[in-house]
Amino acid sequence: MSSKGSGTEDVEDWLDIGNRAESTTSLNLDDVLVEIENLEDGLSEDTYTITEDDDGVYCESPSLDSDYTYHLDSDVVIHSHQSISRQIAAIRVKSGPPVAIAEKNGQIAIVTSKGHVQIFDLDGKLDRYYQGGEEAAACLAFSLDSKYLAVGFSKGTVKILNVKSGAIDLIIQPACQPGLGILQILYITGATSFLTLDTGGSVYELRVKTNFAGKRKSSMRCVFSGCNGEVVNMRMLPHAMLALLTVSKLLLVSTRFGGKILGTFAYRYSFHAPPLFTFWQAAKTLKICVTRGKTMNVMRLASSSTKSATLLKTLELPVDLVATHWISRDLVIGVDENGASWQIEIEKGKVGRANVDEIEIVFATSDFKGLATGSRVSEAMFHIADRVCYQSIQPATSTPDRLIILSHDGLKICETVTEWEQLERFRENDDEISAALYLLDVVKGKRKAAEVFRNEAPNLLRDSCRKLLDCCQNGCDAGKVAQLTAHYRKYIKIILKIAISAKFFDVIYQEVWSKISLDQISKSIFFEFLDDFVLDGLMFDMPPAILREYLENLANLSHFSQFQLAVVRFPIYSIDIHQVMTICRANSLYDGIIYVMNNALMDYISPLEEMLDAIAAFAGNEVLSDNQIECGNRLLLYLNCCLAGRAYPIGSLPKNGETTVPLEIYRCITSLRGKDGKTEENYPYLRLLLQFDPQQFVHVISTVADAKLFQTDGRLQRITDTIGLICVSLRKEQPLVHFLLLVVQLTERGLIAPPVEMVQDAIISLLRIATWQSGLAEPAIIGMLRAVGGIDRTLVLRAAQAPIRPTISSFLYLSERRFLDLLKSYIDPPKHVIFASIDQILQLTDLTSQESAEIARFLRENLRILQRLDAESTAKMMIQHGFLDWLRTSQEFPLIRAILRQRQAAKLAQISGDDELDEQLFGVFFEGSLKEKTIDDAELLRVLRFWSPTGSRSDFCLNLVAQRAPEFTEAEVFLLESRGHVERGFERLFAMLEAGEDLVRWLDECLNFCCRHSTHQNSNAWMIQIFRHVASGKNSEENLNEKLKMLVRRIIDSGTEHAEHLVTSLLDCRAFSAAPLSENLEIVNEILASCEYEKRLLQNVLRVQNAENSALNRELYGFIGRRAEITDSGECATCQGALTKSAYVFRCGHFQHIECATSSTKLCPCQDNLKEHQLHRLWTTSQSTMGPATRKRDIFAEWSTPLDLLPKNR
């Protein structure tokens, strides 16, 4: 890094980013953003967080429901600044086309390709004009105080103009690295310090100072080198933060810490599009948006204890963008390379093209390609040059909702559409419905709007409702009734929705009703759409006249369900009581009756008595209609609400009603003789409720048992006793069951003392019912026996025996540990439930040894009875509890068969773990299976294979099968093989083949047998024997049939070791030898191909062996091919003595006595060639007879043939 310029500067004041950008932790999508350090001094004291009211509320535009929505064509509008555009065009020939713009505090500066500068105000008035030379300009920027304008040129010069006078204040040349051009200028403090970006991607800081003589001078310092990644754009953020967009990452830099790197964000997307940056600052939030190609990342910078930045959202865009601007809290405007504008709604993640004209954008292609300086740019810069427009699209500094765009046909202004403009657009398109929905969203706060418009929106919405009403009345003058109806439905629905949502009830009741009621069709449609709002409780203060007509309309249409729901949602003072009661009584609409009598007459008893009288007519019926069930359920719900002190169906009880109403209802239903006192039965209302639906009535009592009413004066205890008394007298299953369940629940909650005698009577009565329709009876009785003490269990047990109640009996016996009594009760006569009881008893963990022994003895004594009752269950019991040893003395075939089946199903090849017992049991099973004649040969073979070797340890099974031959031939052969009688097994199969029945099957079996025993000494003979038999069959005189061909292929497939015998046999076969070669060519080719295949396979194997053993072969060749030179003198090389003793013979031809050898390495003393001194062989005394002149025959003299390991007959 280097610096250029004059003057002495404080080093600490300079920005010094340097190579720290390379070592900074990247802000990637996985880690979100790294922590940002030291932001406190640069940021405001407020902590940055997202709040719901940071900058108003923004909601989606669809309102109410999917039937009526409105569509905003575009949230922005782009229009041409006519005045400035005309002035640019006027000097285009003289000054060249515009290339860059800058804006500051309402001043717009434009520079042309020839360096001419025009400064306008927002109205288009030309304030200053500077005529440059011929040097091409690239960029310009206002100082922060708007007093100076810096213009950058394509060859590295920066000219600073005085905005007020138009004179050149200072020329800095060069303002970057020599030989490069300026791409961007950015002021960072006042008018004295700014940054320049050159075409090499380096950033320089320049400072302008005035000395005592008034002369201005500058100093320059490189603060970021392009070798660290070329910077392509710079943006200033609030709180003295600087954003540097490089070709690979975003750098966030603090300008108050000498260039401190706060964080980085790496791009991972397409590099053909330029990186883009924009931000939005609200009261307590600073969000940034980084875009590259089709991917947009939105982050929030925060100053908190964690000092972090958070990734909020990643959006995928349909096109590559070349410019972005955050124009409102939730809206980012993007521009693609074709000049089309795109709206990106951040919160909703929606992306859509704006309905505005395309723009002919001015791109800075020549500057980013460095054409003015010899194209000294990197490939990354060159790659994005065709899509860069940083200097021609600038956000306005005076307001965030405006974007200034320089195009080839002039200056464009992109700004948000105002509320008034949007409303006017709807009305210009004659879309009053969308206008009303838009105003409704503003009134309800669902859409952001200016305060003035928001205050005026209610009045505008009222006017819009009146316009819609006029359209409804006047929009369809002629046509069919169906068209008129559709017209009314379209407008009446939206009028009601808008007026009710905005709470304009005066408009509905006065203006809308006065016009709608004149037409019967429109009035009926009005009432139809009114239903939903009535059910939602949104209609307030409806005039009685309108309400009366509305209810009458529902009654006329027989919409009685809607009628009831509507009545209870209007205040009692607004309805016609006589009308409502007449309609409700005529149609049994008890909700309406209850509502009127409760709220108008304060009478809670009469509706209850009316409903009780109504269900009395059908309470005892076996089958009820839907209306009867609905009436009864409404009664129970009303009873529940009243006993709990709540109003029915909605609302609340009057003052003191929470105390008086429950007591009145309680006294009513518990009255001894009913309403008139003339009933013959006691407690008629309780009896009626228990007959109609005992389950729901008991549920009501259980639900309200905690109420204050039942906790005083023992009312809960009394009503429980009364219910029990009635249930016992009814002697029906459902009342008795639910009475027991009620007592259990209340007893466990500690709310009552259980009535033991009544409970016992209820249990006995329930047990005496022959057949139970519900599965709750047994759980109810057992739960009662567990929860309540003092019940005579002997009586209960006696009652549970006739008819038998297994679960209850088991519970009573087990609770008293009378295990044998329980089993005896099920054994005589035998009942299948005994097996469940046995498992239940044996699974007890607290059985004593005596109890276990007694139970085992009982089961063993009755084993025959159990297996006759259910052999499968008995087998399961014996396997689970380890009783298989009992089978040593009791060998019942059905039981043993069941045991083996269960073990086989569990894939366990052992029965008891005792080999002797397993063999004995399998023998019983095997013999029994053969006697029953219910098993075939294939099934028996599968059994033998699974239980091997248990079934083949002895000849027992083999003898049994042999006696049944040939019925079980496959099983017999398997046993012969298992017992080692292979020859007998083949003979048995060959005998079946010779029999001639099912030839193909037994031929396959014979061949498979030979394959299994291919190593047997007789395997070859067996194969040929099979072939000869098949070849000599009845069809042998004919052409070789398919069976013979199949056999030949089987023999060939098993290998070619029998090929010679096969060919010999084929030649002996007249069907083969007498037939033409063409008829049998296929089979001959197969034999030859198989032999050729194995021949080549053998050659390849030998070749591989030779290749792998080549080194060893060469060593062997050298060893056996060498011969020692026979010495002329038969003397010892050490003592020169005769060879009368054992000696060593060396490869050099010398001898040495063993006793003369002193070296452990056994080398010849001549020492002339160490490799030739190695020991060759040992010379024994038996060889000493050979005289010294004797010469041995050289056996290798004529040996010139190399070693060949291949077979001779290859």
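Good morning. I begin with an open sheet of four strands, paired antiparallel in the order E20-E21-E22-E23. At its edges stand E20 and strand E23 (309-316), each of which pairs on one side only. From one strand to the next, the twist averages 20°. Strands of a sheet pair through backbone hydrogen bonds, either parallel or antiparallel. Here, two strands pair if DSSP finds at least two bridges between them. Helices (H or I, at least four residues) and strands (E, at least two) are DSSP runs, numbered from the N terminus.

Please note that this is a predicted model, in which local features need pLDDT of at least 70 and side-chain atom pairs count only at pLDDT 80 or more, while totals for chains, interfaces and linings use all residues. Residues are numbered from 1 along each chain as its sequence is written, and side-chain values use heavy atoms, with hydrogens and water left out.

Within the sheet, E20 and strand E21 (residues 286-292) are joined in the antiparallel sense over seven bridges. Phe 277 stands opposite Val 290 in E21.

What does E20 contribute to the largest pocket? E20 gives seven residues, the largest share of the lining. The volume of this pocket is about 1100 Å³. Of its 45 lining residues, Arg 235, Met 236, Gln 394, Pro 395 and Thr 397 are the closest to the centre. Several strands supply at least two lining residues each, among them strand E4 (98-104), strand E16 (231-237) and strand E28 (393-395). By class, the lining has 30 nonpolar, twelve polar and three charged residues.

These terms need their cut-offs. On a 1 Å grid over the protein atoms alone, a pocket is an open set of points with protein on both sides within 12 Å along at least five of seven lines, whereas a cavity is a set where a 1.4 Å probe fits but cannot get out; lining residues have an atom within 4 Å of a point. Grid points are joined across faces, edges and corners, and a volume is the space filled by probe spheres set on the points. Ala, Val, Leu, Ile, Met, Phe, Trp, Tyr, Cys and Pro count as nonpolar, Asp, Glu, Lys and Arg as charged, and the others, Gly among them, as polar.

I turn to the helices. Helix H16 (residues 605-616) and helix H17 (residues 626-644) have axes that come within 10 Å and cross at roughly 150°. Axes are lines fitted to C-alpha atoms, for helices over the stretch in contact, and angles run from 0 to 180 degrees between N-to-C directions. This crossing of H16 and H17 is left-handed. A left-handed crossing has the near helix turned anticlockwise from the far one by less than a right angle, and a right-handed one has it turned clockwise. Residues including Leu 608 and Met 611 in H16 meet residues including Leu 635 and Tyr 638 in H17, where contact means heavy atoms within 4.5 Å. Nine nonpolar residues, one polar and one charged make up this contact of H16 with H17.

Helix H31 (residues 871-881) and helix H32 (residues 893-905) pack at about 65°, their axes 8 Å apart, in a right-handed crossing. Their contact has eight nonpolar, two polar and four charged residues.

Lys 503 has a positive phi of about 60° although it is not a glycine. Thank you.
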